[in-house]
Amino acid sequence: MNSVAHKLRILRLQFLALLFIASCAINSNRHPAAANDQAFYNETHDASGNIRPQYEKVWQHYTSLSEEEKLEFRKATLQDFQKDNPLGALPRLLTEEEYDELQKGVDQRGRALVKFLQDHYSGKKTYQDKIIPKEVLDRIIRRSGEEGFAGVVDPERIAFPYGPDIIRDAEGTWRVLEDNPGFIGGMGDLKMARESLLNRMPIYKSLIDAVDKPEDYYKEMGRRYKAKPGKGRAVVYMIPPYADNEDSRLKKLYRDQGLQIVTPHSKAKLVTTEKGLYVEELKAGKIVRYRVGYLVLNGEHAWVDVNHPATKLRDMYSDLQYWVYTEKPQDPKARARMKPLLDRYYAKGEIDESEYRKVMKESGIMSYLDYPDRKAQRLDGLIDLYSKGLLDMNYTPGIDFIGDKEFTQYVEDIVRFYLDEEPILKNVPTQDFANVKNGRAVLDEVLLKRVLKNKNGYVIKQVDGRGGEGIWVGSKQTPAQWKKATEVVKASPMKYQVQEFKHLSLLGEMIVDIRMIAAVGPQGIYVSPTPWGRGLPLSGNGKVNISDEGLEIAVAVVRTKNLSCVQSLKTLQFGQ
């Protein structure tokens, strides 16, 4: 190429680049930076107010919607979810790089938790006093009602559904709020969220270049949830009462993968014998039995194997805790009768069943062990069958304590100790309100005073709370409400902890989090290619909880090449 032609080509490319920059400036959907934008990470726009590449097309459509159209979308998606919850009209889009970091972080965290549980249930407990103080772990296990599972769990067959809740802080760092093992929500909604989004807003089909397929998670569960050859069939046991209609969606999804569904009210029944677990069915007027080799438990062990000593202890503890500490005021005399039993459990990890039944009878309250609906769903001996290796399960008993919010504080150190790796996902900095001295819980007065003075900098949490229960976000509380929260802490310091306030990231008008749903087991850890998401209005109470003004947010992982003006400009500049 001669020099004149080369110069003309360069001038032409420069002219096209200038035109392209102008076009980008006009169509970049800039988000005007406000003073409070600096307090949180904006999912859709960078710190300069420019649209992030993956949101360019979607944001343009979303901002064209009227408030009436957004409301109609929510109403329509509410019907798709059988009135469980509506879907937000703005999906959350993760780049492949972002998803990759999350997937690796959840895999790493899951591997470390398995090694910890193996160490714990093998009896070796090499972690003791190196990672987590004995008295701390003892109170976490007791608080979870899992004091009695030592010697029951096979360390080599540990498995559980896993769904850590993750936020992105103002600096863009991924942080785990809690680990959520076992019976978790969101598993039945991954496919529905994508279908509802695209069916109710068809234009998104051409605007979102998703690389993930939500159905892949269920296909993998179908492959994993199989009995060993010659050991029987795989069965899903669905246990009412169902919190919402997600269970019905899960039924269909599991059935589509060839798994048999059994409930306490289905024609097929589950029966335990000394030799194993069986499905009983009526065929041609005769009852036939089929061996179950793999059980997918959609519920908790304490709901079905009521007579096992470990689950009975858990049930009695849960019952007493509910009646003593429930937010609804109960009969003071009944509380006075129950509290000594609960105190003894916290001190020694034991509850006398005859005393428990006597106290419940005197208080005029039906024992949790005797609820009529539980008789229909009982599988006496199930845990012993698992312990003897006569069947496998997707959900090992005795692992729920790792979901305690106090336990989460130690998971980064657990990763370092067992894997000799630096944690990919960070915790939110957290402190306990109680110090244990000479076997007694002593309130950290200095910490409490600091928290009381700076409510905007902290969040108070109940360590064994579920959902939005027992959480006070300081920045959303009045001074009087915050003072009341600290009074609750004073009364029961061991039940509460405090976290540094980390503002959740912003998606449109919503603050959002992500649940990375995974299956942990001897086959390894599988992380769903599609995360589950929630959102809450920025003006809300700061707790991302669908039951409290929240929305479900459809999440997609999108292709990262050719996303932005900058990338396209590079192509022009280098003539690629």
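**Notebook: contacts, helices and sheets**

**Entry 1. Glu178**
I began with Glu178, which touches Pro164, Asp165, Lys405 and Thr408 when residues up to four places away in sequence are not counted; contact here means heavy atoms within 4.5 Å. The model is a predicted one: local features need pLDDT of at least 70 and side-chain atom pairs pLDDT 80 or more, while totals for chains, interfaces and linings use all residues. Residues are numbered from 1 along each chain as its sequence is written, and side-chain values use heavy atoms, with hydrogens and water left out.

I placed Glu178 in strand β4, residues 174-178. Helices (H or I, at least four residues) and strands (E, at least two) are DSSP runs, numbered from the N terminus. Is Glu178 buried or exposed? Its relative accessibility is 12%, so Glu178 counts as buried. The cut-offs are under 20% relative accessible area for buried, over 50% for exposed and partly exposed in between, with a 1.4 Å probe and protein chains only.

**Entry 2. The whole protein**
I noted 20 helices and 24 strands for the protein. Of its 576 residues, 54% are buried. I also looked at contacts between residues at least 6 apart in sequence: 71% of them join residues at least 24 apart.

**Entry 3. Helices α4 and α17**
I took helix α4 (residues 96-122) and helix α17 (residues 411-419) as a pair; their axes come within 9 Å and cross at roughly 75 degrees. Axes are lines fitted to C-alpha atoms, for helices over the stretch in contact, and angles run from 0 to 180 degrees between N-to-C directions. α4 and α17 are therefore roughly perpendicular to each other. On this scale, under 35 degrees is roughly parallel, over 145 roughly antiparallel, 65 to 115 roughly perpendicular and the rest oblique.

Which residues of α4 and α17 meet? From α4 I listed Gln108, Arg109, Arg111, Ala112, Leu113, Lys115, Phe116 and Asp119, and from α17 Val411, Ile414, Val415, Tyr418 and Leu419. The residues of this contact divide into 8 nonpolar, 1 polar and 4 charged. Nonpolar covers Ala, Val, Leu, Ile, Met, Phe, Trp, Tyr, Cys and Pro; charged covers Asp, Glu, Lys and Arg; the others, Gly among them, are polar.

I then listed the buried residues of α17: Val411, Glu412, Ile414, Val415, Tyr418 and Leu419. They cover an arc of only 160 degrees around the axis, so they lie on the same side of α17; the arc is that of the directions from the helix axis to the C-beta atoms. These buried residues pack against α4, α16 (405-408) and β11 (426-427). Just after α17, I found Asp420 with a positive phi of about 55 degrees.

**Entry 4. The sheet β2-β20-β21**
I followed α4 to a sheet, where the helix lies across β2, β20 and β21 and runs at about 145 degrees to β21. The 3 strands form an open sheet in the order β2-β20-β21, with antiparallel pairing. Two strands pair if DSSP finds at least two bridges between them. The edge strands β2 (160-162) and β21 (524-527) each pair on one side only. β20 (residues 518-521) and β21 pair over 4 bridges, and Val520 stands opposite Ile525 in β21. Helix α8 (residues 215-224) lies across β20 and β21, at about 155 degrees to β21.

**Entry 5. The sheet β12-β17-β15-β16**
I looked up an open sheet of 4 strands, in the order β12-β17-β15-β16 and with antiparallel pairing. Its edge strands are β12 (430-432) and β16 (471-473), each pairing on one side only. Neighbouring strands are turned by 20 degrees against each other on average, direction ignored. β15 (residues 458-462) pairs with β16 over 3 bridges, and Val459 stands opposite Val473 in β16. Helix α19 (residues 479-491) packs on the sheet and touches β15, β16 and β17 (496-500); its direction makes about 45 degrees with that of β15.

I checked helix α18 (residues 445-453) as well, where Leu447, Leu448 and Val451 are buried. Their arc around the axis is only 100 degrees, so they lie on the same side of α18. They pack against β12, β14 (440-443), β15, α19 and β17. Val446, Lys449 and Lys453 are exposed on the face turned away from the buried side of α18.

**Entry 6. Strand β1**
I ended with strand β1 (residues 92-95): Arg92 and Leu94 point one way, Leu93 and Thr95 the other way, and all are buried. β1 runs parallel to strand β24 (residues 555-558), joined by 4 bridges. Leu94 stands opposite Val557 in β24.
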